[in-house]
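Subject: Structure handover

Hello,

Here is the structure I promised you. My notes follow below it.

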Amino acid sequence: MYSFWKNNQLKLSPWIFLAPGIFMFSLYVIFPIFQSIGLSFYQWDGLGEKTYIGVENYIELLDDEYFFISLKNNVIWLVLYILAIPAGLFAALFLNQTVRGIRIYKSLFFFPFVISQVVVGLVFSWFYDPSNGLLNVVLEGFGFNPVAILAEEDYATYGIIAAGLWPQTAYCMILYLTGLNSVDPEQIEAGRIDNARGWKMLWYVILPQLKPATFIAVVVTVIGALRSFDLISIMTAGGPWGSSRVLAYYMYEKAFSEYGFRMGYSAAIAVVLLAIMMVYIGLILYRLYRDEKGY
Amino acid sequence: MKKIFKSQIALALAGILAGTSAIAGTIVINGDTSDPAPKAAFQAVIDGFEAENPDVNVVYNLFDHEGYKAAIRNFLSADAPDISFWYAGNRMAPFVDAGLFAPIDDVWADQGLYSLMKTSAPGMTMDGKKWGIPYTYYNWGVYYRQDIFEDLGIAVPKTWDQFIAAGKTLNANGVTPITIGTKYLWTAGGVFDYLNLRTNGYDFHMALTRGEVAWTDDRVRATMANWKQLIDADFFLENHAALSWQEALAPMGNGEAAMYVMGNFAVAPLRELGLDDSKLGFFQFPEITPGVPMAEEAPTDTIHLSAGAKNPVDAKRFLAYAARADVQTAWNEALGQLPTNAGSSVVDDKFLNAAFSMLNNDAPGGVAQFYDRDTKAEMASIGMENFQEFMVKPERLEKILERLEKARAKLY
């Protein structure tokens, strides 16, 4: 026994150290994923017997216009949420200077990320309020008609995304600020000597050094876009008439809202959402793997 | 001092004993009376019951009102209390079908409730059995600014034409006829219910909510045409899709709007906005199709015996107590609502008196629970969402009816 341990110590010890993590991850992440996939083949109201119905839930999804509206909104979220990255970068560049009291400004810019998403949602709901909201007061000041952003099917999603961009930009800004601290001053100096300044300096000298920060910013932003839920729930509850729902919210509505309790159908939506995320998770894993190998 | 301490120990010991050997003496109730008034009202009911039945100890688990709707599914199937709060009508169907509620026809028979609770009996009946005790209900109707109506010389509308004319006068004077906030959808369900009850009558309405009639039926179209008439005449508050029902109270309070199709629970907040009985009035939703008997909305709140109750004997004693006329009188006085027991008396209040007399004398057509309680849950959410869409985009009527019909075909 002792010699077996001695001979294989190097191979075994990583697994022993990994074991608690693997156990927790399997129990709380991997197992529920398969549970959801299994559930998506059943019809179940959460109370009675489960009935196996094969792929019928998926067939129903294909014929469900609300599902496609949610899917479309998810895509809009993904695309527009990415704007938080350049916005965060410019906020960081702007704040990356030594002025008296800069720490205070930095914390003020970071503030929206610290407060709860629920509060952000409420603040923006008031901002958009058709009768007393600041936005409409300003619009009317310029002679435009007031718009109830959150009550218009064409604007509601964009209104919510704008609210979401506020804290997300702050988050990206902090990532870039820390990144800017580690930019090598010698390289900048060298760039100066070679006559690089302005955009060129940013693009060819600064940005490549910020690559790790950009990577993390993309990861958190995409995840943030896909799990957008709190803001939608607070600001529109998916409305008007379901036009601002995303898959995560639709799934919640079908499973747990007052009128939901279609567990199987909801699980099918979850599986679709997982499939979308897998594409993206796959890309990240591939990149991480490549970086580890050092190509 | 020492004595008190001893008696406390004795009490604690008694409690432990009650928990272990003398289980027969404890009943567990789960409820959602989380707002201050309902909470105090129900606590008074428990205290009264314990005073009359010293051998029974009531344990009450209070849940948040919204969270309760999800929690009840878990606790009924996992660790059932003896009694739980819920709602009448189709809302209780999932629990009755899953065998989680127990029928209590014996309590109904012993207490003579078949005659005393005639109005609410249909809402408690499934498969020919009674599945709970209704303890309160409240009316719906049109709450209106009496002072504005008087100033503009508008009489309370009794017919559809008078109603339309009243709206015209209000609009001409810069007052929005009806305030409404449809952000959370159900308010639109109330308007639909009334239009359909008045256009086609109670029986058709119930058949529709039970999924027995197609949404593309001409009678539904007639209801929607009446609704469109209101929309086209600018009856409803602008931007209602952005407002909750509470936010829609404000225009009524400051006189920008004159009517609200609402339940009795709107009276308290309207009074807080400064509308006293001389400014705020109530009338029954006017007749649309002449000759169709007037039917009303009166959602009923109920308590139920669990099939998995550990102490059904004492639980039934509690249910019988909760059904009693004097108990319901006091309970509803505290709630500011209507008792379901015909032997109870109603607290003297302008709106409760009007509602009580309306429901007992002027609602020969019948009493509906509410769109989302009469309809299957999933159909209700799709239905109300489409009503909201219709109120903003009435030109999409065809698409909306087709969508509803598709959902009906799938869900029933």
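In chain A, 67% of the contacts with a separation of 6 or more join residues 24 or more positions apart. Please keep in mind that this is a predicted model.

**Chain A overall**

Chain A has 14 helices and two strands. Its radius of gyration is 24 Å. The globule rule gives 19 Å for 295 residues, so chain A is more spread out than a compact globule. Along the principal axes, the C-alpha atoms of chain A fill a box of roughly 85 × 75 × 30 Å. Of the 295 residues in chain A, 33% are buried.

**One helix in chain A**

Look at helix H11 of chain A, residues 211–226.

Six names to find in H11(A) are A:Ala213, A:Ala217, A:Thr221, A:Val222, A:Gly224 and A:Ala225; they are buried. Where do the buried residues of H11(A) fall, seen down the axis? They fall within an arc of 155°, so they line one face of the helix.

**Chain B overall**

Now to chain B. Its secondary structure comes to 20 helices and 13 strands. The radius of gyration of chain B is 23 Å, close to the 22 Å that the globule rule gives for 412 residues. Chain B is therefore as compact as a globular protein of that length. Its C-alpha atoms fill a box of roughly 75 × 50 × 40 Å along the principal axes. Of the 412 residues, 48% count as buried. Among contacts in chain B with a separation of 6 or more, 77% are between residues 24 or more positions apart.

**Domains of chain B**

Chain B is divided into domain 1 (2–136 + 300–344) and domain 2 (140–297 + 365–411). The centres of these domains, taken over C-alpha atoms, are separated by 33 Å. Their contact takes 10 residues from domain 1 of chain B and eight residues from domain 2 of chain B. On the domain 1 side, two residues are nonpolar, seven are polar and one is charged.

Start with B:Thr182. It is found in the loop between strand S8 (176–178) and helix H10 (186–200) of chain B. Is B:Thr182 buried or exposed? B:Thr182 is buried, because 31 other C-beta atoms lie within 10 Å, and 20 or more are enough to count as buried.

B:Thr182 also reaches across the sequence. B:Ala241 is 59 residues away along the chain, yet the C-alpha atoms of B:Thr182 and B:Ala241 are separated by 4.8 Å. Leaving out residues up to four places away in sequence, B:Thr182 touches B:Thr187, B:Ala188, B:His240, B:Ala241, B:Gln388 and B:Met391.

B:Leu185 lies in the loop between S8 and H10 too. B:Leu185 is buried, with 25 other C-beta atoms within 10 Å. Its phi is positive, about 70°, although B:Leu185 is not a glycine. For context, most residues other than glycine have a negative phi.

B:Asp127 has a positive phi as well, near 50°, and is a residue other than glycine. B:Asp127 is found in the loop between strand S4 (125–126) and strand S5 (129–130) of chain B. B:Asp127 is exposed, with 8 other C-beta atoms within 10 Å.

**Where the chains meet**

Last, the interface. The contact takes 22 residues from chain B and 18 residues from chain A. On the chain B side, the elements that give two or more residues are helix H3 (65–78), helix H4 (93–97) and helix H19 (377–392) of chain B. Which element gives the largest share of that side? It is H19(B), with nine residues. By class, the side of chain B that touches chain A divides into 10 nonpolar, five polar and seven charged residues.

Best wishes

Conventions: Residues numbered from 1 in each chain as written. Chains lettered and ligands numbered in written order. Predicted model: local features only at pLDDT ≥ 70, side-chain atom pairs only at ≥ 80, totals over all residues. Contact = placed C-beta atoms within 7 Å. Helix = DSSP H or I, 4+ residues; strand = E, 2+ residues; numbered from the N terminus. Nonpolar A, V, L, I, M, F, W, Y, C, P; charged D, E, K, R; others polar. Expected span 1.5 Å × (residues − 1). Buried ≥ 20, exposed ≤ 12 C-beta atoms within 10 Å, placed from the backbone. Arc of directions from axis to C-beta. Rg over C-alpha atoms; globule rule 2.2 N^0.38 Å. Domains from an automatic or database assignment.
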